Amino acid sequence: MDCAERRQRGVRPKMPAYEETPLCSVGKVVRVTLPSGQLRRAMVECVDESEGTVEVAFLAAAKDNNEATLPVDCLRPLEMGELPFLEPIRSDFVEGAKTAKEVGNVVFKLGDVEAAAELYGRAIEALERAPVALNAWVLANRQGTLLPGNVVGVESSKADVELRTEGSLEVVRGIPQHALIGVQLEHLLLQGSLHLNRSRALAQIGQQQEAAQDLSIAIALWATHSASGGSIPAEGTEQLIKAHYLRAKTRISRQRPEPARGDLRRAWALGPSAATAALLRQAEREVDIMEKEKVRSNKKLAKEIAKLADVAMSGLDDDQLASFGRNPS
């Protein structure tokens, strides 16, 4: 059958496999090494053979760094396990999430933390974004706090959820399903580890607030486990300690000493290992230093304001001073 006959019958030509196409093929997704040494995933847009360069567009676009022109020898192929996860996971969600996590760990160790964060995100999406079912456990955001809840009613794209607050129950009706986070009680260690791993990757690329959000979810997942009547296993306690420690670190980076101390106290209360205890003590020293610097900065600022006020007051006459209650008696 020739090409014309194939087209008439609607037979599409077989696409070559990823490894069968040249590295510098237009439209191919590759990994590039930037002059800074950072690794990022990008798509080849143009090849200049005479100059030995390629123009690429990064898959995860930064605010001011969406494209680059690089030497050809800066390109390398993706890890073979990455290819299926360039698109969302559409079947075998749990197994797909496990595989995406494993590939994410490989990519993280390579140094492409941006791609690792995306791979962990694919896995998280597969586990948490399926339509909710009656009696399923979920997390819902109520006034900035993630609360565990049990689905007591489902209608179209909305759900009624019985939320568990401290010592009380509250049924909230008509919550959009897309606003709920599905909790996989049977795979909670996997789900929690994905949020911890993504938080580490996000923190490394400067997205501290987003990293803290992942850690808050990891902590809330285990609160849901307790609300459902389960006892937290040793591995779950270890995840909670790590989540509180890492969230404290994100809060330190954002100059939030009191919330950071709160996380460190909760981590201590869970009985950390000797190695983790050393990390907690170091974080406490960082909070101490931050608070001392804040006090010193406030004192310096107060002195500067006082000087400016004295200069301003010195230029006023008696009537003007009297309006401020500052005229001599």
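**Figure 1. Overview of the predicted chain.** Among contacts (heavy atoms within 4.5 Å) between residues at least 6 apart in sequence, 48% join residues at least 24 apart. The model is predicted: local features need pLDDT of at least 70, side-chain atom pairs count only at pLDDT 80 or more, and totals for chains, interfaces and linings use all residues. Residues are numbered from 1 along each chain as its sequence is written, and side-chain values use heavy atoms, with hydrogens and water left out. The chain holds nine helices and ten strands. Both are DSSP runs, numbered from the N terminus: helices are H or I with at least four residues, strands are E with at least two. Of the 329 residues, 38% count as buried. Buried means under 20% relative accessible area, exposed means over 50%, and partly exposed lies in between (1.4 Å probe, protein chains only).

**Figure 2. The open sheet of five strands.** The strand order is E4-E3-E2-E1-E5, and the pairing is antiparallel. Two strands pair if DSSP finds at least two bridges between them. Strands E4 (67–71) and E5 (75–76) are the edges; each pairs on one side only. Strands of a sheet pair through backbone hydrogen bonds, either parallel or antiparallel.

**Figure 3. The hairpin of E1 and E2.** Strand E1 (residues 29–33) runs antiparallel to strand E2 (residues 39–48), and five bridges join them. Val32 stands opposite Arg40 of E2. Five residues lie between the strands of this hairpin. Gly37 takes a positive phi near 95° in the hairpin.

Figure 4. E2 pairs with strand E3 (residues 53–58) over six bridges, in the antiparallel sense. Which residue of E3 is the bridge partner of Met43? The partner is Ala57. Asp48 has Thr53 of E3 as its bridge partner. This hairpin has four residues between its strands, and Gly52 takes a positive phi near 70°.

**Figure 5. Helix H4 against helix H6.** H4 (residues 188–204) packs on H6 (residues 234–253) at an angle of about 20°, with the axes 11 Å apart. Axes are lines fitted to C-alpha atoms, for helices over the stretch in contact, and angles run from 0 to 180 degrees between N-to-C directions. H4 and H6 are therefore roughly parallel. Angles under 35 degrees count as roughly parallel, over 145 as roughly antiparallel, 65 to 115 as roughly perpendicular and the rest as oblique. H4 passes H6 in a left-handed crossing. Left-handed means that the near helix is turned anticlockwise from the far one by less than a right angle; clockwise is right-handed. H4 contributes Leu188, Leu189, Gly192, Ser193, Leu196, Ser199 and Arg200 to the contact, and H6 contributes Glu235, Gly236, Gln239, Lys242, Ala243 and Leu246. The contact residues divide into five nonpolar, five polar and three charged. Here Ala, Val, Leu, Ile, Met, Phe, Trp, Tyr, Cys and Pro count as nonpolar, Asp, Glu, Lys and Arg as charged, and the others, Gly among them, as polar.

**Figure 6. Helix H5 against H6.** H5 (residues 208–227) packs on H6 at about 155°, with the axes 9 Å apart. That angle makes H5 roughly antiparallel to H6. The crossing is left-handed. Contact residues of H5 include Leu215, Ile219 and Trp222; those of H6 include Leu240, His244 and Arg247. By class, the contact has nine nonpolar, seven polar and one charged residues.

**Figure 7. Leu279 in helix H8.** Leu279 lies in H8 (residues 274–314). At 41% relative accessibility, Leu279 counts as partly exposed. Its C-alpha atom is 8.2 Å from that of Tyr245, 34 residues apart along the chain.
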